[in-house]
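Please look over the sequence and the structure shown here before reading on.

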Amino acid sequence: MLTFYSEDSRLRQARTELHDGALVTPFECPERLDLVLKHLRQSGLVDIRTPSAYGLAPVLAVHDKEYVGFLANCWQEWQAAGHEGEAIPNIWPARTMRGDRIPRSVSGQLGYYALAAETSISEGTFEAAMASKDVALGAVEHTLQTGEPSFGLCRPPGHHAAFDQFGGYCFFNNAAIAAQRALDTGKHRVAILDVDFHHGNGTQQIFYQRDDVLFISLHGDPEVTFPYYLGYADENGEGQGKGFNVNYPLPPGTSVTTWMATLEQALAQIKAAECECLIVSLGVDIFEGDPISAFTFTSADFIALGERLAQAGLPSVFLMEGGYAVDEIGVNVVNVLQGFEQAL
């Protein structure tokens with residue numbers, strides 16, 4: 001299986017995250033790349049390619065132009081305004097405020113475009129996001145051209161990024177960009193299966209009124225888990241998209257047996273929808289040792305996950321989402337990929 005990776009993914013070197021009331025070093029960090037690359041090479045999965053630069057057109061196919069412009073210019077405007085530290089939102093257009101105006105101030109724009117306060121914007125953030133979506137596009141292009149599976153080592157991740165919002169460490173929605181590329185090349189329907197511990201709220205929002213993308217997510221119950229305000233079981237699409245959004249919220253501590261049984265339901269729905277391509281938002285933060293998640297997968301369970309995903313029988317693209325800097329992150333990613341290949 002080919003891996004796509006870009007050194008420019010390291011350009012985001014954020015120092016600040018708001019976590020449990022404290023400013024900490026971000027859980028989403030460049031070391032995640034090193035841990036995955038190390039185990040890819042140790043396992044013999046050494047065919048690692050640098051993607052082409054695809055520019056902004058694929059981004060603008062799923063994201064708002066003004067939002068993209070904000071991300072491109074935020075760091076420079078933040079510095080020009082004389083602010084110290086990294087750009088972190090501190091006010092939002094909340095329920096008691098108007099939400100239809102975008103302020104001129106970069107501080108106001110941060111609140112307008114952010115969905116959460118934990119994700120700072122730092123030097124290199126935009127460039128890393130551009131590299132990450134190129135990784136996703138390189139992977140999906142390879143699979144579309146050859147039918148072979150591929151892995152995109154995307155960093156930063158993407159599934160929390162909505163049409164015009166960033167957060168949850170995400171700026172451009174890599175899975176959505178890849179799915180749109182597959183549609184633009186002639187696929188009539190694409191499945192995005194999100195197995196990250198956290199709900200892919202951005203992916204849901206982008207495709208919620210469409211029937212050419214089936215979005216299915218298995219995730220921690222938003223009653224008690226980030227992003228809290230989306231990811232409930234009764235959210236199943238609107239208009240033309242009715243029935244093409246499927247959420248499986250699961251409680252903290254969910255057993256692997258229950259999770260896998262839920263996956264079988266998801267795979268049956270993908271088959272029934274006659275999808276022609278599968279994009280897996282691969283969050284390995286369902287691991288029992290992940291620092292900000294609460295599912296119970298062991299490293300061995302990720303092999304079984306890869307094997308079951310192969311049952312879909314579709315051209316498949318794996319795009320990195322969550323899974324944080326614990327030693328096992330690389331093992332867990334490789335186990336999914338090898339399990340998938342072994343089951344083909």
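Is aspartate 20 buried or exposed? Aspartate 20 is exposed, because its relative accessible area is 74%, where exposed means over 50%, buried means under 20%, and partly exposed lies in between, with a 1.4 Å probe and protein chains only.

## Basis of the model

This is a predicted model, in which local features need pLDDT of at least 70 and side-chain atom pairs count only at pLDDT 80 or more, while totals for chains, interfaces and linings use all residues. Residues are numbered from 1 along each chain as its sequence is written, and side-chain values use heavy atoms, with hydrogens and water left out.

## Backbone features in the loops

Aspartate 20 lies in the loop between strand 2 and strand 3 (22-24), where helices (H or I, at least four residues) and strands (E, at least two) are DSSP runs numbered from the N terminus. Although aspartate 20 is not a glycine, its phi is positive, at about 50°. Tyrosine 169, another residue other than glycine, has a positive phi near 75°; tyrosine 169 sits in the loop between strand 5 and helix 6 and is buried, with a relative accessible area of 6%.

The loop between strand 5 and helix 6 (174-184) also holds proline 156, and the peptide bond that leads from arginine 155 to proline 156 is cis, with omega near 5°. A cis peptide bond, with omega near 10°, likewise joins phenylalanine 226 to proline 227, which is placed in the loop between strand 7 and strand 8.

## The largest pocket

The largest pocket has a volume of about 960 Å³. On a 1 Å grid over the protein atoms alone, a pocket is an open set of points with protein on both sides within 12 Å along at least five of seven lines, a cavity is a set where a 1.4 Å probe fits but cannot get out, and lining residues have an atom within 4 Å of a point. Grid points are joined across faces, edges and corners, and a volume is the space filled by probe spheres set on the points.

The lining of the largest pocket comprises 33 residues, and Leu115, Ala116, Phe226, Pro227 and Tyr228 lie nearest its centre. Strand 2 (17-19) and helix 7 (201-207) are the elements that give two or more residues to this lining, and strand 2 gives the most, with 3 residues. By type, the lining divides into 18 nonpolar, 10 polar and 5 charged residues, where Ala, Val, Leu, Ile, Met, Phe, Trp, Tyr, Cys and Pro count as nonpolar, Asp, Glu, Lys and Arg as charged, and the others, Gly among them, as polar. Tyrosine 228 lies in the loop between strand 7 (213-220) and strand 8 (245-250), and counts as partly exposed because its relative accessibility is 38%.

The structure holds 1 cavity of 30 Å³ or more, and about 60 Å³ of space lies in the largest cavity. Helix 3 (65-80) and helix 5 (125-146) are the elements that give two or more residues to its lining, with the largest share, 5 residues, coming from helix 3. Among the residues that line the largest cavity are Leu71, Trp75, Ile121 and Phe126.

The 12 residues of helix 1 (residues 31-42) should span 16 Å at 1.5 Å a residue, and the end C-alpha atoms are 17 Å apart, which agrees; the expected span is 1.5 Å times one less than the number of residues. The buried residues of helix 1 include Leu33, Val36 and Leu40, and what covers the buried residues of this helix includes strand 1 (2-4), strand 10 (316-320) and helix 10 (328-343).

The largest nonpolar core has 52 residues, and Phe151, Trp259 and Phe318 are among those with the most contacts inside it; such a core is a set of buried Ala, Val, Leu, Ile, Met, Phe, Trp, Tyr and Cys residues joined through side-chain atoms within 4.5 Å. Helix 8 (residues 256-272) gives the most to this core, with 7 residues. A second, separate core of 47 residues includes Ile121, Met130, Phe171 and Val190. Leaving aside residues up to four places away in sequence, phenylalanine 318 touches residues including Met1, Phe151, Leu282 and Phe340, where contact means heavy atoms within 4.5 Å.
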